[in-house]
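Subject: Structure for you, with notes on salt bridges and a helix pair

Hello,

Please find the structure below. My notes follow it.

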Amino acid sequence: MAGVSRADYTLGHGSGDYRVRHYDLELDYRIGPNRLSARAILSAVADAELGRIPLDLAGFAVKGVRVDGRAARFTHRGGKLVVRPDRAVRGEFTVEVRYSGNPRPVASRWGEIGWDELTDGALVASQPTGAPSWFPCNDRPGDKAAYRVSLTTASAYTVLVTGELVGRRAGGSATTWVFERREPTAPYLMSVQIGRYDEVELASAQRLAVPRRLRDAAAHDFGRQPGMMRALQEWFGPYPFGEYVVVVTDDDLDDPIEAQGMAVFGANHVDGRRTFERLVVHELAHQWFGNSLTVADWRHIWLNEGFATYAEWLWSEASGGAPAAEHAREWQSRAGSDVAIGDPGVARLFDEQVYQRGALTLHALRRRVGDEVFFGLLHSWAREHAHGTVTTDEFIAHAERAAGVPLRADFAAWLG
């Protein structure tokens, strides 16, 4: 696909000089003063010798850095923590960072994103560049790692972190929660949710965390989610994670947010009438497309948003609403054509055209190859790239192999 160069999609974050394999985060968060004290240990690997290790970290006070256990020099400005070990590293190495401060969202061209205070608690919504608002990272979507997150905060609050809860220790007025995220995860898909939540079991391995005042309305609004899960597994293959947790905050949010094995909705998305049900299936679909299969860089974002939007159309048809073909006809007449959705440019990453024309691309592919081949290739695409990174060219090649016909010219027209 022609268009903006790959470098333009780094958004000023991340480094290709090394890969992080594991993050170990120890966080102590005081809700009232919004104060975070933390230690992060990154286990990484570099193929070539590195004399400097760039990390992404917002405006915290960095108290000290060690590389392979030895104190290291560093500079920290403009959201970049540049570490200079006393001797260059190559192969496996560790970086330990101790830092503290008042976490806040980081500024971006799409608004402020990342760690955010709620009226009573906190949330993390990091797509695409908000992860440095709470931990030092190699902030690019293609650098996926495992995580261990330990978070201590006031015992009156529930803590939910993307991952499996493996420990909880209460001590006085504070409780420490320990989560492990074993599947490779992009930094922007790690999330922390802190609030006064009731938990509702929707189905096996599907939970809802919700303020008590919204419990009944949310149980209704998300009541068909287990059916969505069954439908998406039929269309895309087995659910790729151990559980799925939906958090409804007590504050309003502009849009719901997906994280690894989790989605976050605002109180404004709950009305007891399933008004926002399309968003429920959209965020669930991201667990396959966006979370398990993560874009190598943001140029390929239609592979996230087009797929999740098409899941809305499929669910509409399956649940008795308008069929997918009707949605396609509607958006064919409404969607603009001034964005090359296969290469939209940084300023248009979240343009409606990326979502709707991305879904139109999938519907056109379905019509071109037929349902049996189409849904078969979605299954094999999700299976073969599970917990990995993907690109548009890889999807086109996969579709051509599955269909047994050349499709590159079709995709050029659909995505152009």
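Is Asp 198 buried or exposed? Asp 198 is buried, at a relative accessible area of 12% (buried is under 20% relative accessible area, exposed over 50%, and partly exposed in between, with a 1.4 Å probe and protein chains only).

Before the rest, the basis. This is a predicted model, in which local features need pLDDT of at least 70 and side-chain atom pairs count only at pLDDT 80 or more, while totals for chains, interfaces and linings use all residues. Residues are numbered from 1 along each chain as its sequence is written, and side-chain values use heavy atoms, with hydrogens and water left out.

Salt bridges

A salt bridge here is a side-chain nitrogen of Lys or Arg within 4 Å of a carboxyl oxygen of Asp or Glu. The count by this rule is 28 salt bridges.

Asp 198 pairs with Arg 215 in one of them, with 3.5 Å between the closest N and O atoms. Arg 215 belongs to helix α1 (residues 215-221) and Asp 198 to strand β17 (residues 198-203), so this pair ties together parts 17 residues apart in sequence. (Helices, H or I of at least four residues, and strands, E of at least two, are DSSP runs numbered from the N terminus.) Arg 215 is partly exposed, at 34%.

Arg 224 and Glu 277 form a salt bridge at 2.5 Å, N to O. Arg 224 sits in the loop between α1 and α2 (225-236) and Glu 277 in helix α3 (residues 277-285), so the parts tied together are 53 residues apart in sequence. Arg 224 is partly exposed at 33%, whereas Glu 277 is buried at 8%.

Asp 371 and Arg 366 form a salt bridge at 2.8 Å between the closest N and O atoms. Asp 371 is partly exposed at 40%; Arg 366 is buried at 13%.

There is also a network of salt bridges that links Glu 26, Arg 39, Glu 96 and Arg 98.

Helix pair

Helix α5 (residues 324-334) packs against helix α6 (residues 352-369) at about 130°, with the axes 10 Å apart (axes are lines fitted to C-alpha atoms, for helices over the stretch in contact, and angles run from 0 to 180 degrees between N-to-C directions). The contact (heavy atoms within 4.5 Å) involves residues including Ala 324, Ala 328 and Trp 331 of α5 and Gln 356, Leu 360 and Arg 366 of α6.

Regards
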